[in-house]
Amino acid sequence: SDHMENIYGYLMKYTNLVTGWQYRFFVLNNDAGLLEYFVNEQSRHLKPRGTLQLAGAVISPSDEDSHTFTVNAASGEQYKLRATDAKERQHWVSRLQICTQHHTEAIGKNNPPLKSRSFSLASQGSANSPGVQRRPSQNAVSFFNVGHHRLPAGKRVPIMQPDHLVDVREMMSQAEGQQRDLIRSIECLPVSGHLTSLDQDLLMLKATSMATMNCLNDCFHILQLQHASQQKGSLPAGTTISWLEPKISLANHFKNGAAQNFPAEINKPASVREEQSIAEPCELTREPEEINPDEELEDICDDKEDDLGAVEEQRSVILHLLSQLKLGMDLTRVVLPTFILEKRSLLEMYADFMSHPDLFIAITNGTTPEERMIRFVEYYLTSFHEGRKGAIAKKPYNPIIGETFHCSWRMPKSDVAADAGGNFPAHSPSEHVNLSKDVEGQAELDYYTVKFVAEQVSHHPPVSGFYAECVERKMCVNAHVWTKSKFLGMSIGVTMVGEGILSLLEHGEEYTFSLPCAYARSILTVPWVELGGKVNINCAKTGYSASINFHTKPFYGGKLHRVTGEVKQNATNTVVCRVQGEWNSVLEFTYSNGETKYVDLTKLTVTRKRVRPLEKQGPFESRRLWQHVTESLRDGDIDKATEHKRALEERQRNEERLRAETETPWCTKYFLKDGDGWVYHKPLWKTVSAAQTQQTDTN
């Protein structure tokens, strides 16, 4: 009771993207269980600008900084608030949680449990029936008949005995049947009109009903274990009481609330029919295609991604998604809502990591093994800002199996030489190694070409292979990445399992490296992305290695997007370079000679990639494959984008099913399985080795 005092004071409240954060005067009314706010303290005697009922609310400190927290009311309304410091936030959070717990328990004591609760859709009738016609102001929940059957007054509910579990199971089976009927009724509603399957209230009802049934099934599981322990005296050895997987099929419900089946073929857009009618990939040519860089044009596509901002208008869709997830659950087979997608494939995102080809080519210009390792670390750390598009909380398209992406970059040789000395002042540029002609015998040009190809080589698990090379500088990189995503509560984690190898053929060196994890944070408020984890870079031949830490933000204090690292000579354990800063802002490099250099990633020149026009691309090249989804997203038509996206995913499922039935293995086009990894079919080290062998034979 000592902690139940009323408190008040100024907090910052997030309103929307336009208005942003505003100071408001908040009052915690413990007696009424209300959180109220006013424009300022002087207007406290007036009617509050807003009020939240705290009974049943959830108070959550935010993981984006040490000042922010959210109040999620049982009604679905949410306040995102920010205190002046961590201490003040803790004071408000603790007082709000105490008040919330008190009033939630009071409601539980004062309201006996309901005997049953049934939902049924009103009669659909004809198009003119009153059940179908709905006034715009009519609340969607009123469209349902909700019957609350209370027990007669004075009649106590008997204590549940173990032998009553059979009756409970029967009642739950009936409830599950009613819940399935409810979901089916909602999904059968039209996608347009006054009452649709995407209605916010209906999606909320759909989400809460599924969450309730999942919770009841978990509780019933625990009761069964307790019953078994009472009969046997103790739980069987090795038995654990754990949360179960959702009882409701995920695949049938992650559809953004739309009906499962597509409309009749005649009603589909031509582009959707085209997406579904592309032949089985193995019937197409799986022979590798040599892309002529001269056919590629400088990319004029400039799809700037807006941040998601506050997701108020999409909250019901997200709640619908979260209601079916469990902590640690693998999200590989989960279809995420379309509005969180950025307008590029994951394969193109890997290409965007190469947006500084001048720094990539400059690696091999290092005069010593130490300098080359440091240059690779510098290039590696500058690649994430453009590849990840900063900290924007959107995800690229999941590539379908057999999807490919091709591009290239042209970099004037004079720019590489200038950058080698200009961007890296702590190291003098090495003498440029001139090649009279490249491996293919073509005349020397005044620019370098970096070619890139990526392919989705596996669907389950989702594995991508990508390869880039600069023939003139005899350097290439080969990598394979398995993206493993998991639900972590209020965030989603993506682990990049795999390995990359950079080969500098002029020096006979190979550098192995890995990729950090990515996290989408605060998915119910203002989503943002951070990188986390430790990665290592090693060169076995030279004995140099680098250890890089991407730091996730701590609960209290600390900076966002922080990265630290060091480069060592393994034999002597000597640190030759240290790095610190933010991977999407400014990096500071300190070298063994005492010099320090700062790199502002936001000011680095981004070289535009060169891509073939859509009409020259194959049907499984990323931009052509996803063109209708991308166009719909550009137009802001989420429903249309979802339809095109679903058509591609459905086609992939059908093809996978056909291959399973006919026992036909998938045939990759550019990458070959090599142990646990994937290797490009025609890597530069093979070409150079063959050319050297041929030259030796000629001599």
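This is a predicted model: local features need pLDDT of at least 70, side-chain atom pairs count only at pLDDT 80 or more; totals for chains, interfaces and linings use all residues.
Helix 11 itself spans residues 627-634 and is mostly covered, with 6 of its 8 residues buried. The buried residues include Gln627, His628 and Val629. Thr630, Ser632 and Leu633 are also buried in helix 11.

**Close-up of a negative surface patch.** Glu631, Asp635, Asp637 and Asp639 gather on the surface in a patch of negative charge. Asp639 belongs to helix 12, which covers residues 638-662. Its relative accessible area is 49%, so Asp639 is partly exposed.

**Close-up of the cis bond at Pro461.** His460 and Pro461 are joined by a cis peptide bond, with omega at about 0°. Pro461 sits in the loop between strand 14 (447-458) and strand 15 (463-470). Most peptide bonds are trans.

Most residues other than glycine have a negative phi. Lys474 is not a glycine, yet its phi is positive, about 50°. Lys474 lies in the loop between strand 15 and strand 16 (475-487). With 23% relative accessibility, Lys474 is partly exposed. His561 also has a positive phi, near 60°. The loop between strand 21 (544-551) and strand 22 (562-569) holds His561. His561 is buried, because its relative accessible area of 9% is under 20%.

**Close-up of two cysteines.** A disulfide is a covalent bond between the sulfur atoms of two cysteines. The structure holds 0 disulfides. Cys188 is exposed, at 64% relative accessible area. Cys577 is buried, at 3% relative accessibility.

Note on methods. Residues are numbered from 1 along each chain as its sequence is written. Side-chain values use heavy atoms; hydrogens and water are left out. Patches are made of residues with over 30% relative accessible area and no salt bridge: like charges are joined within 9 Å, nonpolar side chains (Val, Leu, Ile, Met, Phe, Trp, Tyr) within 5 Å. Accessible areas come from the Shrake-Rupley method with a 1.4 Å probe; for residues, only the protein chains shown count as cover. A salt bridge is a side-chain nitrogen of Lys or Arg within 4 Å of a carboxyl oxygen of Asp or Glu. Lys and Arg count as positive and Asp and Glu as negative; His and the chain ends are not counted. The place of a charge is taken as NZ of Lys, CZ of Arg, CG of Asp or CD of Glu. Helices (H or I, at least four residues) and strands (E, at least two) are DSSP runs, numbered from the N terminus. Buried means under 20% relative accessible area, exposed over 50%, partly exposed in between (1.4 Å probe, protein chains only). A disulfide is a pair of cysteine sulfur atoms within 2.5 Å.
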